[in-house]
Amino acid sequence: MAKIALKVDVDTLRGTREGTPNLGRTFDRLGIKATFLFSMGPDHTGWALKRVFRPGFLKKVSRTSVVEHYGIKTLLYGVLLPGPDIGREAASEMQAIDRAGHETGIHTWDHVDWQDGVRQRDSAWTKAQMQKSMDRFMDVFGHAPITYGAAGWQMNEAALEQLDAWGIQYSSDGRALPNLVPYRIAFDHGKSKHVQYPTTLPTFDELIGVDGMDALGAVRKILSLTQSNPNDQVFTLHAELEGQKLLPAFECLLAGWLDQGHDLVTMGELHRSWAATKQLDKIAVLPLTWGEIPNRSGELMIQPAN
């Protein structure tokens, strides 16, 4: 059967301290390695309250019990409480994941600032934010990041070009329909050196609450998309969700995938499998494109039709 890459987005201090170790123990018990993408700077989760006027945001919040998953304290960071520095306060949890043999990369510097602003920001702001995350990553891990994955699936052209400048070979910054088709980004001066592997499967928070679906219903829905499916996939989970309250449901999903015969891998393993077949020489070169994903508010970086 196909490979399913497990990409863990770690957005908050609580997710780093609590969700990340929980997931590490689960993966260790099952003999699985995953890709963990860390937010390296301040936790300003409370700033996300300004999204209240974005179409679909309140509906999503009501479906997924944001307070229950993130906690009141996290939701006050940057509003009534100062935003803690994740990279300084939770370095030990990050390092433990790295030592355990999981793949580690950059998610962002300031998650909310990046997600809400990068599309409108200029090259100077973008590169400064990315350099902060790179510098902190090097401080925490003592080595360069292997990969990258954009916060909120939000990028701009300067950010994508910076990945090439860093020598990143593969990244997962956008979304696509189920069934993976890697591609390179089209720039005015040519094409990206790195390969994009977009998230192809719906996330738990995009399914829970839709038509009354609960967490186990979301598991069944995702498994229906991968049943007898020979195509590779990328699945994004969140340390704040699947690493905490939704962990039992996520463990059911992992068991289901293993029963289906899928190979659960890191992003790096997925990339090497494509590189080994030399299919990367033939993949499409596509422009940076924006679009909507069902049950998620706002526009995201998406893979355009080839």
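Buried means under 20% relative accessible area, exposed means over 50%, and partly exposed lies in between, with a 1.4 Å probe and protein chains only. The structure is a predicted model, in which local features need pLDDT of at least 70 and side-chain atom pairs count only at pLDDT 80 or more, while totals for chains, interfaces and linings use all residues. Residues are numbered from 1 along each chain as its sequence is written, and side-chain values use heavy atoms, with hydrogens and water left out.

**View A. The salt bridge between E206 and R175.** The side chains of E206 and R175 meet at 2.7 Å, N to O, in a salt bridge, defined as a side-chain nitrogen of Lys or Arg within 4 Å of a carboxyl oxygen of Asp or Glu. The pair links distant parts of the chain, since E206 belongs to helix 10 whereas R175 sits in the loop between strand 5 (170-171) and strand 6 (183-187), 31 residues apart; helices (H or I, at least four residues) and strands (E, at least two) are DSSP runs, numbered from the N terminus. E206 is buried because its relative accessible area is 2%, and R175, at 2% relative accessibility, counts as buried too. Through salt bridges that share partners, R175, D205, E206 and R296 are joined into one network.

View B. R119 lies over the face of W290, at 4.1 Å from the ring centre. W153 is found in the loop between strand 4 (147-148) and helix 9 (157-166), and it is buried, with a relative accessible area of 2%.

**View C. Other salt bridges.** How many salt bridges does the rule give? The count comes to 11 salt bridges. One of them joins D9 and K7, with the closest N and O atoms 3.0 Å apart, and both D9 and K7 are buried. Another is formed by the side chains of R88 and D85 at 3.8 Å, N to O; here R88 counts as exposed at 67% relative accessibility, whereas D85 is buried, with a relative accessible area of 17%.

**View D. The largest nonpolar core and the surroundings of F27.** A nonpolar core is a set of buried Ala, Val, Leu, Ile, Met, Phe, Trp, Tyr and Cys residues joined through side-chain atoms within 4.5 Å. The largest such core has 63 residues, and those with the most contacts inside it are L6, F27, W114, F204, F235, F250 and W257. Leaving aside residues up to four places away in sequence, F27 touches L6, V8, I32, A34, F36, H102, F250 and L254, a contact being heavy atoms within 4.5 Å. A second, separate core of 12 residues includes A5, Y170, W274 and L280.

**View E. The aromatic pair F27 and F250.** Rings of Phe, Tyr and Trp (its six-membered ring) pair if their centres lie within 6.5 Å, and planes under 30 degrees apart count as stacked, over 60 as edge-to-face and the rest as tilted. By this rule the count comes to 10 aromatic pairs. F27 and F250 form an edge-to-face pair, at 6.1 Å centre to centre and 85 degrees between the planes. F27 lies in helix 1 (residues 13-30) and F250 in helix 12 (residues 247-260), so the pair ties together parts that are 223 residues apart in sequence. F27 counts as buried at 0% relative accessibility, and F250 likewise counts as buried at 0%. One aromatic cluster is formed by F27, F36, F38, F137, F141, F204, F235, F250 and W257.

**View F. Helix 12 and its packing.** The buried residues of helix 12 are L247, A249, F250, L253, L254, G256, W257 and Q260, and they pack against strand 1 (3-10), helix 1, helix 10 (204-207), helix 11, strand 9 and strand 10 (263-265). Helix 12 is followed by G261, whose phi is positive, near 95 degrees.

How values were computed
A charge sits over a ring if NZ of Lys or CZ of Arg is within 6 Å of the ring centre and within 35 degrees of the ring normal.
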